[in-house]
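Please have the sequence and the model at hand.

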Amino acid sequence: MREKHFNSNDWATREGSYWNTFFNTISGPRTVVMIGTEDEKGIGNIGLFNSMVHLGANPPLLGFILRPDTVPRHTYKNILQSGTYTINHSTPKLLEKTHQTSAKYTADQDEFAEIGFNKEHIAGFHAPFIEQSPIKIGLSFVEEHKIEANQTRLIVGKVEHVIIAEQLIEEDGYIDCSSISTLLTSGLNAYHSHQLIKRVSYARP
């Protein structure tokens, strides 16, 4: 296989979106999720994110990266306001609607209604889930960490609720996302299906 070697001089001089696309895809396919929030008026917002990361299992913590707040970030505002948000997985069947959540709607537009997703609420928990999602996670906001290098933020949340299709859970607690091909993404508009190769035993010396 023929290789090419790039260095910082290459991305410092070439104009256009080439290097944005290049570095958006170099980390490979990542889980794509929809983050659901609601403002104090009950207007729902859905943000599309591909930066979710596992931070710990006890307590269960998940994080995601939020872009700089140089423009209004409705997801961020609603999380700080209510202290809650939901993470919702997607499937190939929901791909078109999922991608549409990346569009920039105004703050007074309920994105659930605009896109065609149903809201699902739990008593005592403010943020709405996406009813059609097969894996739904409700989180409470814990903390944020500003990354000074590029002004993004790592948002940390504690898992409070999980609503999941029962057939996805194996006896040992393993969640088989591949059985329903939960969506992966690379870059801003390429989507991939999820495929399990095999499970292996814990590695020891």
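How many aromatic pairs does the count come to? The points below begin with that question and then turn to the sheets, the cores and one loop. The model is a predicted one.

1. Aromatic pairs. The count comes to twelve aromatic pairs. In one of them, Tyr18 and Trp19, the ring centres are 4.8 Å apart and the planes stand at 90 degrees, so this pair is classed as edge-to-face. Tyr18 is partly exposed, with a relative accessible area of 34%, whereas Trp19 is buried, at 8%.

2. Phe22 has a relative accessibility of 23% and counts as partly exposed. Ring pairs join Tyr18, Trp19 and Phe22 with Phe6, Trp11 and Phe23 into a cluster.

3. Charges over rings. Lys97 lies over the face of Phe117, 5.9 Å from the ring centre. Arg199 lies over the face of Tyr174, at 4.1 Å from the ring centre.

4. The seven-stranded sheet. Seven strands make up an open sheet with antiparallel pairing, in the order β3-β2-β6-β9-β10-β5-β4. The edges are taken by β3 and β4 (53–57); each has a single partner strand, so one side of each lacks a neighbour in the sheet. On average, and with direction ignored, neighbouring strands of this sheet are turned by 35 degrees against each other.

5. Is strand β3 largely enclosed by the rest of the structure, or left open? Five of the six residues of β3 (residues 44–49) are buried, so the strand is largely enclosed. Its antiparallel pairing with β2 consists of six bridges. Val33 stands opposite Phe49 of β3, and Glu38 stands opposite Gly44 of β3. Five residues lie between the strands of this β2 and β3 hairpin, where Gly42 adopts a positive phi near 90 degrees.

6. Helix α3 and the largest nonpolar core. Helix α3 lies across β2, β3, β5, β6, β9 and β10, and runs at about 55 degrees to β2. The largest nonpolar core has 17 residues, and those with the most contacts inside it are Phe64, Tyr85, Ile87, Ile137 and Leu139. Two or more residues of this core come from each of β2 (33–38), β5 (60–66), α3 (74–82), β6 (84–89), β9 (135–147) and β10 (152–164). Apart from this core lies another, of eight residues, including Ile46, Leu94, Phe117 and Ile130.

7. Surroundings of Ile87. Which residues is Ile87 in contact with, leaving aside its neighbours within four places in sequence? The contacts are Val33, Met34, Ile35, Met52, Leu62, Ile135, Lys136, Ile137 and Leu139. Two of these, Ile137 and Leu139, are listed with Ile87 among the core residues with the most contacts.

8. The loop between α3 and β6. Gly83 is found in this loop. At 23% relative accessibility, Gly83 counts as partly exposed. Leaving aside neighbours within four places in sequence, Gly83 is in contact with Asn78, Leu139, Ser140 and Phe141. The C-alpha atoms of Gly83 and Gly157 are separated by 9.3 Å, although these residues are 74 residues apart along the chain.

9. The three-stranded sheet. Another open sheet has three strands in the order β1-β11-β12, again with antiparallel pairing. Its edge strands are β1 (30–31) and β12 (190–192), each of which pairs on one side only. Strand β11 (residues 184–186) is joined to β12 by three bridges, the two strands running antiparallel. Within this pairing, Thr185 stands opposite Tyr191 of β12.

Methods
Residues are numbered from 1 along each chain as its sequence is written. This is a predicted model: local features need pLDDT of at least 70, side-chain atom pairs count only at pLDDT 80 or more; totals for chains, interfaces and linings use all residues. Side-chain values use heavy atoms; hydrogens and water are left out. A nonpolar core is a set of buried Ala, Val, Leu, Ile, Met, Phe, Trp, Tyr and Cys residues joined through side-chain atoms within 4.5 Å. Buried means under 20% relative accessible area, exposed over 50%, partly exposed in between (1.4 Å probe, protein chains only). Helices (H or I, at least four residues) and strands (E, at least two) are DSSP runs, numbered from the N terminus. Contact means heavy atoms within 4.5 Å. Two strands pair if DSSP finds at least two bridges between them. Rings of Phe, Tyr and Trp (its six-membered ring) pair if their centres lie within 6.5 Å; planes under 30 degrees apart count as stacked, over 60 as edge-to-face and the rest as tilted. A charge sits over a ring if NZ of Lys or CZ of Arg is within 6 Å of the ring centre and within 35 degrees of the ring normal. Axes are lines fitted to C-alpha atoms, for helices over the stretch in contact, and angles run from 0 to 180 degrees between N-to-C directions.
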